[in-house]
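Hello,

Here is the structure I promised to pass on to you.

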Amino acid sequence: YSSAIPMAAITRLVKRTTPFYSLARGFASTNTHAPSRENRNIQWVFLGCPGVGKGTYASRLCKFLGVPHIATGDLVRHELSSNGPLFSQLSEIVNQGQLVSDEIIMNLLSKRLADGQAKGESGFILDGFPRTIKQAEILEGVTDIDLVVNLKLREEALLAKCLGRRTCSQCGGNFNVASINIKGDNGGPGMSMAPLLPPEHCMSKLITRADDTETVVKERLRIYNELSQPVEGFYRSRGKLLEFELPGGIPESWPKLLQALNLDDYEEKQSAAA
Ligand code: ADP
């Protein structure tokens with residue numbers, strides 16, 4: 001692989017010294033304990049289409065478990081907002097809904113991991129990476145990902161969820177103004193998702209991502225199906241993929257996700273172990 005990518009740095013950063021624990025049901029290891037707060041040992045990946053809610057659930061889970069949430073989309077947007085040397089190259093790619101080169105992404109990611117390591121971070125949940133088989137192969141070559149959660153949502157909701165996305169330009173909070181009501185057809189269940197509205201003081205500061213327009217979202221969905229969906233099969237064949245179909249909005253989905261991850265009694269286990 002290109003020598004511009006600091007592979008040795010990534011290897012050093014993500015190599016673990018602690019044993020493997022798998023938390024998710026169906027991924028049973030001999031050790032059934034949840035990781036302790038001191039010896040946290042989570043190296044997870046969240047996969048899913050644009051609009052599925054990867055960022056929302058990955059960041060909630062990270063807060064819950066106390067591990068860093070590393071979203072390559074955020075790294076790319078941060079690079080864009082800082083007007084660095086990559087600005088014009090990146091903005092054109094991102095605003096067309098295309099993928100940034102593996103080389104740029106690996107550089108941004110390894111820098112983020114190095115910064116985290118300097119601050120004493122351990123473990124992570126990756127969101128938005130890997131997005132191609134090539135990226136998955138690179139990651140698999142340098143670390144041992146425990147679990148890959150593949151979030152799924154009914155297709156009818158994806159576009160609306162992307163178009164409803166808003167960020168507060170001041171506090172950086174992520175919200176969604178879309179109110180989704182899908183009628184059940186042929187006797188199938190319907191689905192509703194309430195909007196995730198910002199507090200009053202953020203209302204006047206909401207911004208929309210430049211790549212959340214209908215044309216660009218459709219292109220991102222197409223690219224996801226072409227380049228990123230094969231990553232699901234990559235991890236499925238390695239026995240690491242946990243499929244999770246979101247049953248609705250956060251109130252319905254969050255407790256079910258914790259259950260699927262065998263984390264529903266995580267806090268009790270933590271206090272019992274303390
Ligand atoms: P989405 O809502 O589509 O999942 P993200 O916030 O994850 O969006 O990413 C935004 C954009 O950043 C992508 O459309 C792509 O241009 C770029 N990007 C993010 N992660 C990667 C990656 N792993 N590989 C290539 N490009 C990426």
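H6 and H8 are oblique to each other, a word kept for angles that are not under 35 degrees (roughly parallel), over 145 (roughly antiparallel) or 65 to 115 (roughly perpendicular). Their axes cross at roughly 40° and come within 8 Å, with H6 covering residues 133–142 and H8 residues 214–236. Axes here are lines fitted to C-alpha atoms over the stretch in contact, with angles from 0 to 180 degrees between N-to-C directions. Helices are DSSP runs of H or I with at least four residues, numbered from the N terminus.

On the H6 side, the contact (heavy atoms within 4.5 Å) includes Ile133 and Leu139, and on the H8 side it includes Leu227 and Phe234.

A word on the source: this is a predicted model, in which local features need pLDDT of at least 70 and side-chain atom pairs pLDDT 80 or more, while totals for chains, interfaces and linings use all residues. Residues are numbered from 1 along each chain as its sequence is written, and side-chain values use heavy atoms, without hydrogens and water.

Now the ligand. Around it are 17 residues, of which Lys54, Thr72, Arg77, Gln98 and Gly128 come nearest; a residue counts as near with a heavy atom within 4 Å.

Enjoy exploring!

Conventions. Helices (H or I, at least four residues) and strands (E, at least two) are DSSP runs, numbered from the N terminus.
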